[in-house]
Amino acid sequence: YRRFNIIVGANSTGKTTLGKLFQNIFYLLNKKEISDILEAVNDENKTSTFEIDLVNKGILYRIICLLPPNAKDENRAEIKLSIRYVELNKDDTYESALKRLMQINEEPLYYVDALEKQLTMGWNFTYPENNFVYYSYKKEDEESYRLLLETILKVFDPSIEKVTINKDMEKCFYVYFRRSNDPLVVENGRKYSSINYMSSGTKYAFNLADVIWGLKRDMFGFYYLDEQFSFANSEIELAIIAHLSGYDKNDDQIFITTHNTDVLDMDFPVHTFGFLKKTIIEDNQDYIQYINASEYEKRNTASIKNHYKNDCFSVLPDLSPIYTLVDIK
C-alpha cells in the first residue's frame, strides 16, 4: 500500500473534504459516531454506501457500510457494517494481504453490533482552520519536544532565538525573539489568533512539530496534513516533506495536500503523486475525481512536473477567463 501520498489540487477541488471524509470514517469505527456520515449523504431518498481498505497499526481493514434510504430519520436501525481485517506480514504486498482478507466471510451487521470488536486505530488530522495549539507529548519527553519545536520554529522565523519550558504551567513554552527580552507564552490550547508577533506561516510550525513528534513516537498511524504550507517558503515545504517521507518504518500512512507544484520535482516514486479535479456534470452537480500519476506514467525517471505543466493529467485549472478581464469596461 502507498505509505506516502502527496495530493496536489487547485482551490475548491476537495482536498479538505477528502480529509474530513477519512476523519468521519475513523470516528465511526472508533467511537460508533455515525452522525457526520449521515450528514454527508447527498440524496437521502436513495441507498448510499461507502467501501474503504485502510492500513492502521500493521492491520489491513476492509470496511463496507450500507445506508438505507432515510437512514438519518426512521431507518437508522437498518444501517449495516461489514468489517474484515488481517495482520500484515513483513513480506506482504497489498495484493497478498488482500488475498487472505477475502478468505474471511464477514456478514454485514447492524453497525453498533459490528463495532463491538475492539479496533486499535490512531489518527492525526491537521487542517488550515485548526484554531488551537496542541502538544501531544508526555511529561518525560518535554525536553525532547522543546528541542523539536525550537528547531522548527527557528526555520520558519530566524528572529526566534530560543524556546524554553515554562516550569509553572503544564505543557507551556516561552518563545524568545532576538528583538525582545519578553518571551511569548504559548500554552497548550491557546488560540492561534491570540498569538502575536508571529506570521501566519510560523504558526503552522506548531502543527508540524506535533505531527513529526507523533511520527517519531509512532503515536497515530494515519496522518492527514491539509495545506499546512500555504504561507511557507517553498524550500521549507520541500525540506519538511522530505523529512516526513522518512517515517515509514512503522507502517504509518501519510497524506499531504498542497498547492505547490514544486513538490512534483521531488525524487519520489510516481505513485506518490495524486491530483484532485472538480468537474461540473449534469444538473450542475460537482464531481470530484482523484487521478494518480501512475495511471498515466509508470517510469519513476519521468518528470511529473513537466507532465503536469503539459496537462497530461487533465487537471490544470481553466485560465482562459483571466485573459478576458481586460475587455471588461
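## A salt bridge across the chain

E116 counts as exposed because its relative accessibility is 53%; exposed means over 50% relative accessible area, buried under 20%, and partly exposed in between (1.4 Å probe, protein chains only). This is a predicted model: local features need pLDDT of at least 70, side-chain atom pairs count only at pLDDT 80 or more, and totals for chains, interfaces and linings use all residues. Residues are numbered from 1 along each chain as its sequence is written, and side-chain values use heavy atoms, with hydrogens and water left out.

The side chain of E116 meets that of K32 in a salt bridge (2.8 Å, N to O). A salt bridge is a side-chain nitrogen of Lys or Arg within 4 Å of a carboxyl oxygen of Asp or Glu. The pair links distant parts of the chain, 84 residues apart. K32 sits in the loop between α1 (15–31) and α2 (35–39), and E116 in the loop between α4 (111–114) and β6 (124–126). Helices (H or I, at least four residues) and strands (E, at least two) are DSSP runs, numbered from the N terminus. K32 is partly exposed, at 32% relative accessibility.

How many salt bridges does the structure hold? There are 17. One of them joins E51 and R62, with the closest N and O atoms 3.8 Å apart. E51 lies in strand β2 and R62 in strand β3, so this pair ties together parts 11 residues apart in sequence. E51 is exposed at 52%, whereas R62 is buried at 14%.

K305 and D262 also meet through their side chains (2.8 Å, N to O). K305 lies in helix α8 and D262 in the loop between β11 and β12 (273–280), so parts 43 residues apart are tied together. K305 is buried, at 12%. D262 is partly exposed, at 28%. Elsewhere, E39, E44 and K72 are linked in a network of salt bridges.

Strands of a sheet pair through backbone hydrogen bonds, either parallel or antiparallel. Here, an open sheet of four strands runs in the order β2-β3-β4-β5, with antiparallel pairing. Its edge strands, β2 (48–56) and β5 (109–110), each pair on one side only. Two strands pair if DSSP finds at least two bridges between them. β4 and β5 pair over two bridges. L81 has L109, in β5, as its bridge partner.

## Loops and their contacts

D251 lies in the loop between α7 (234–244) and β11 (253–258). Its C-alpha atom is 6.5 Å from that of K57, although the two are 194 residues apart along the chain. D251 touches Y1, R3, V55, G58 and G221, leaving aside residues up to four places away in sequence. Such a contact means heavy atoms within 4.5 Å.

E297 belongs to the loop between β13 (286–292) and α8. Is E297 buried or exposed? E297 is buried, because its relative accessibility is 7%. The residues that E297 touches include V270, A302 and I304.

Two other loop residues have positive phi values without being glycine. N70, with phi near 55 degrees, lies in the loop between β3 (59–67) and β4 (80–87). D218, with phi near 50 degrees, lies in the loop between α6 (200–216) and β10 (222–226).
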